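The following exercises are to be worked with the sequence and the model side by side. Each task is followed by a solution in steps.

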Amino acid sequence: QVQLVESGGGLVQPGGSLRLSCAASGSIFSINYMRWFRQAPGKQRDMVASIAAGSATNYADSVKGRFTISRDNAKNTVYLQMNSLKPEDTAVYYCNADVAPSGSRSYVNYWGQGTQVTVSS
């Protein structure tokens, strides 16, 4: 069974920084895309950033220039460096990945449990 576990959320003041991590564990053959989503209260879950296995990245317009997604393939881990945080970045952040389990060549989409990020003074 594959699991995604996020860490690094918390409370930060406007203008501050946080780094989120998401580690995939279990019997894994390979990981294709890894993504970060976020969901604020009463709003839909939106994609924040994605990174392909070859490290091509994509960002939502609202975070371009402030957030950076990266990955360590040896550790099956994806990161989200968040700088110049704003109150509107407050949300639960979810990790998402397309994972091929050991013994399979088919990718399955997995979600983490989410980590709270609160930007407030």
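Predicted model: local features only at pLDDT ≥ 70, side-chain atom pairs only at ≥ 80, totals over all residues.

**Exercise 1. Trace the pairing partners of strand S9.**

Task: Over how many bridges does S9 pair with S4, and over how many with S11?

Solution. 
Step 1. S4 and S9 are antiparallel and pair over nine bridges. Within this pairing, Gln 39 stands opposite Val 92 of S9.
Step 2. S9 and S11 are also antiparallel, with three bridges between them. Here Val 92 has Gln 116 in S11 as its bridge partner.
Step 3. Strand S2 (residues 10-12) is joined to S11 by three bridges, and these two strands run parallel. Leu 11 stands opposite Thr 118 in S11.
Step 4. The side chains along S11 alternate.

**Exercise 2. Order the strands of the open sheet.**

Task: In what order do the four strands of the open sheet stand, and why is one side of S1 and of S7 left without a neighbour?

Solution. 
Step 1. The order is S1-S3-S8-S7, with antiparallel pairing.
Step 2. Strand S1 (3-7) and strand S7 (67-72) are at the edges and have a single partner strand each, so one side of each lacks a neighbour in the sheet.
Step 3. From one strand to the next, the twist averages 15°.
Step 4. S7 pairs with strand S8 (residues 77-82) over six antiparallel bridges. Ser 70 has Tyr 79 as its bridge partner in S8.
Step 5. Ser 21 lies in strand S3 and is buried, at a relative accessible area of 18%. Beyond four places in sequence, Ser 21 touches Val 5, Glu 6, Ser 7, Trp 36, Val 78 and Tyr 79.

**Exercise 3. Describe the largest nonpolar core.**

Task: Which residues have the most contacts inside the largest nonpolar core, and which element gives the most to this core?

Solution. 
Step 1. The core has 30 residues, and Trp 36, Leu 80, Met 82 and Tyr 93 have the most contacts inside it.
Step 2. Elements that give two or more residues include strand S3 (18-25), strand S4 (28-39) and strand S9 (91-101).
Step 3. S9 gives the most, with five residues.

**Exercise 4. Locate the largest pocket.**

Task: Which residues lie nearest the centre of the largest pocket, and which element gives the largest share of its lining?

Solution. 
Step 1. The largest pocket holds about 250 Å³ of space.
Step 2. Of the 17 residues that line this pocket, Arg 38, Ala 40, Lys 43, Asp 46 and Glu 88 lie nearest the centre.
Step 3. S4 and S5 are the elements that give two or more residues to the lining. S5 provides the largest share, three residues.
Step 4. S4 and S5 pair in the antiparallel sense over five bridges, and Met 34 has Ile 51 as its bridge partner in S5. Six residues lie between the strands of this hairpin, where Gly 42 takes a positive phi near 75°.

**Exercise 5. Examine two loop residues.**

Task: In which loops are Asn 76 and Ser 84 found?

Solution. 
Step 1. Most residues other than glycine have a negative phi.
Step 2. Asn 76, in the loop between S7 and S8, has a positive phi of about 50°. Asn 76 is partly exposed, with a relative accessible area of 24%.
Step 3. Ser 84, in the loop between S8 and S9, has a positive phi of about 50°. Ser 84 is partly exposed, with a relative accessible area of 41%.

How values were computed:
Residues numbered from 1 in each chain as written. Heavy atoms only, no water. Pairing = 2+ DSSP bridges. Axes fitted to C-alpha atoms, helices over the stretch in contact; angles between N-to-C directions. Core = buried A, V, L, I, M, F, W, Y, C linked by side-chain atoms within 4.5 Å. Buried < 20%, exposed > 50% of the residue type's maximum accessible area, 1.4 Å probe, protein only. 1 Å grid on protein atoms, 1.4 Å probe; cavity = no way out; pocket = protein on both sides within 12 Å on 5 of 7 lines; lining within 4 Å. Points joined across faces, edges and corners; volume = space filled by probe spheres on them. Contact = heavy atoms within 4.5 Å.
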